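Here are some friendly notes to read alongside the structure.

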Amino acid sequence: SSGINAEYGVDVQISSELWDEESTTITVESNKATTVDYEISLTEAGSHDITVTAQARTGESDSVRKSLLVQPGGEKIVDTSSVLIMEKKRSSDRSVISVELPTNFIPGSHRLKVIAVGDILGEAVTGISSLIQLPSGCGEQNMHKVAVNVFSANYL
């Protein structure tokens with residue numbers, strides 16, 4: 001019965017890579033809208049796709065996919081370790097750095113950055129090129145840029 005006062009049975013599914021598909025069946029009146037509530041809990045930081053699909057028993061269906069960004073809360077912790085590797089005659093020498101994550105860290109929120117520099121002063125001058133600027137603009141702007149270049153050169 002597809003009359004103006006008809007009711008339709010609709011299966012609604014919500015799915016994500018983080019949990020099993022959940023579904024419910026609802027009744028929707030003709031020319032009306034119905035809301036379905038799902039409670040979800042995302043416990044992993046990052047971008048997560050969630051798909052909601054509605055399929056009527058008459059065969060019509062519609063689907064929407066949204067991406068939810070979960071940002072970690074709490075406190076950012078930065079830890080730095082340095083290891084000096086001296087040149088030795090044997091090529092089998094290795095240095096091992098252990099990384100310990102806090103017991104209550106949020107999965108997907110951790111990052112690890114390793115920088116290997118071939119010079120003992122390499123770490124000190126990392127990013128120094130962003131301080132030195134080429135002259136452009138008016139005289140006052142150039143004097144300011146030259147002063148920064150001189151201070152940077154004196155620092156080195």
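**Notes on the pocket, the strands and the core**

1. Let us begin with a pocket lining: in the second largest pocket, the lining residues divide into five nonpolar, three polar and two charged. Here Ala, Val, Leu, Ile, Met, Phe, Trp, Tyr, Cys and Pro count as nonpolar, Asp, Glu, Lys and Arg as charged, and the others, Gly among them, as polar. A pocket is found on a 1 Å grid over the protein atoms alone, as an open set of points where a 1.4 Å probe fits, with protein on both sides within 12 Å along at least five of seven lines; lining residues have an atom within 4 Å of a point.

2. A word on the model itself. It is predicted, so local features need pLDDT of at least 70 and side-chain atom pairs count only at pLDDT 80 or more, while totals for chains, interfaces and linings use all residues. Residues are numbered from 1 along each chain as its sequence is written, and side-chain values use heavy atoms, with hydrogens and water left out.

3. Which residues line the second largest pocket? They are Y8, V10, I26, V28, E29, S30, N31, K32, A33 and T34. The pocket holds about 190 Å³ of space, a volume being the space filled by probe spheres set on the grid points, which are joined across faces, edges and corners. β1 and β2 each supply at least two residues of this lining, and the largest share, three residues, comes from β2.

4. Now for the overall plan. The protein has one helix and four strands, in the order β-β-β-β-α from the N terminus on. These are DSSP runs numbered from the N terminus: helices are H or I with at least four residues, strands E with at least two. Of the 156 residues, 14% count as buried, where buried means under 20% relative accessible area, exposed over 50% and partly exposed in between (1.4 Å probe, protein chains only). Among contacts (heavy atoms within 4.5 Å) between residues at least 6 apart in sequence, 43% join residues at least 24 apart.

5. How do β1 and β2 pair? They are antiparallel, with nine bridges; two strands pair if DSSP finds at least two bridges between them. The two strands form a hairpin with two residues between them. S16 has W19 in β2 as its bridge partner, and E7 stands opposite E29 in β2.

6. β1 also has a partner in β3 (residues 46-56): seven bridges join these antiparallel strands. Along this pairing, V10 stands opposite A56 and D11 opposite Q55. β3 in turn is joined to β4 (residues 61-70) by ten bridges, again antiparallel, and D49 stands opposite S67 in β4. The hairpin of β3 and β4 has four residues between the strands, and G59 there takes a positive phi near 110°.

7. Which residues make up the largest nonpolar core? There are five: V10, V12, I26, V28 and A56. β1 (7-16) and β2 (19-29) are the elements that give two or more residues to this core. The term means a set of buried Ala, Val, Leu, Ile, Met, Phe, Trp, Tyr and Cys residues joined through side-chain atoms within 4.5 Å. In soluble globular proteins, nonpolar side chains tend to be buried together.

8. Beyond its neighbours within four places in sequence, I26 is in contact with Y8, G9, V10, V12, T34 and V36. V28 is also in β2 and counts as buried, at 15% relative accessibility. With the neighbours within four places in sequence again left aside, V28 is in contact with A6, E7, Y8, V10 and T34. V28 and V10 are 18 residues apart in sequence and 7.1 Å apart in space, C-alpha to C-alpha.

9. Is N31 buried or exposed? N31 is exposed, because its relative accessible area is 71%. This residue is found in the loop between β2 and β3 and has a positive phi of about 60° although it is not a glycine. Most residues other than glycine have a negative phi.
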